[in-house]
Amino acid sequence: MTAKLWCFGESGNAYKAALTLEMVGYDWAPVYVDFFSGATRSPEFRAINEMGEVPVFREDDLILTQSAVIQLHIANRSGRFLGKDSNETLRWLMFDNHKMSGQAGALRFMMNFLPPRKRAQGAIDYLHGRVQAALQVLNNRLEGRNWVADDEPTIADFACCGYLFYEEPFGFDRKEWPNIDRWLNGITALPGWKHPYDLMPGNPSDRAVKEDI
């Protein structure tokens, strides 16, 4: 049975799961979630994830939520991209969840998907500082290395890159981070890589941000 992933193109967290599925050649299909119309707040969506978040993975009777849980399931199921030391992979997976994506996702949303009058500059400044600190850790880690957790790509790489392929501005310029830039080029060169807007349905060009969002 084809696995399903509830997702939308603008979601970096959903991209981590979608990219992992695609890279291992999993039999999966996206289910579009119209986040910007409030779909994640609907009773129908809350019935499959009471947290009201994407991604949601379903295969037969198994339902999983949270990108890291889905990534770990796919890596274990496929036997790929877990790395030689699963604890080290998990360490960087958690770094991304708490330090990188946890800050970058909120910052990108505030800067691009809220109308200007609702953008709290104090929060943006705070998150920008947090994102810069996380980028520095990642850039330092990649000094003399091709991959984050191992000498081969792992799901930690597919997690840490979750928001870094998006073009919307959120304080990240690849030219300022040479090790990250080189690493991202290495990821795009892997067989099966796709940009988030090519991998999942939903794109900012499909809609206009309304003043009353």
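How much space lies in the largest pocket? About 630 Å³. The model is predicted: local features need pLDDT of at least 70 and side-chain atom pairs count only at pLDDT 80 or more, while totals for chains, interfaces and linings use all residues. Residues are numbered from 1 along each chain as its sequence is written, and side-chain values use heavy atoms, without hydrogens and water.

**View 1. Lining of the largest pocket.** The lining of the largest pocket consists of 26 residues, with S11, N13, E53, V54 and Y163 nearest its centre. Two or more lining residues come from each of α1 (12–23), α3 (67–78) and α4 (86–112), and α4 gives the most, 7 residues. By class, the lining has 10 nonpolar, 12 polar and 4 charged residues. A pocket is an open set of points on a 1 Å grid over the protein atoms alone where a 1.4 Å probe fits, with protein on both sides within 12 Å along at least five of seven lines; lining residues have an atom within 4 Å of a point. Points are joined across faces, edges and corners, and the volume is the space filled by probe spheres set on them. Helices (H or I, at least four residues) and strands (E, at least two) are DSSP runs, numbered from the N terminus. Ala, Val, Leu, Ile, Met, Phe, Trp, Tyr, Cys and Pro count as nonpolar, Asp, Glu, Lys and Arg as charged, and the others, Gly among them, as polar.

**View 2. Packing of α3 on α4.** The axes of α3 and α4 are 10 Å apart, at an angle of about 155°, which makes α3 roughly antiparallel to α4 (over 145 degrees). Axes are lines fitted to C-alpha atoms over the stretch in contact, and angles run from 0 to 180 degrees between N-to-C directions. In α3, S67, A68, Q71 and L72 meet L90, L93, M94 and N97 of α4 (heavy atoms within 4.5 Å). This contact of α3 with α4 has 5 nonpolar, 3 polar and no charged residues.

**View 3. Packing of α4 on α5.** Helix α5 (residues 121–141) and α4 have axes that come within 9 Å and cross at roughly 145°. Residues of α4 in the contact include W92, F95 and M100, and those of α5 include L127, V131 and L138. The contact of α4 with α5 comprises 16 nonpolar, 2 polar and 5 charged residues.

View 4. V54 and P55 are joined by a cis peptide bond, with omega about 5°. P55 sits in the loop between α2 (43–46) and β3 (56–59). D60, in the loop between β3 and β4 (62–65), has a positive phi near 55°.

Key. Angles under 35 degrees count as roughly parallel, over 145 as roughly antiparallel, 65 to 115 as roughly perpendicular and the rest as oblique.
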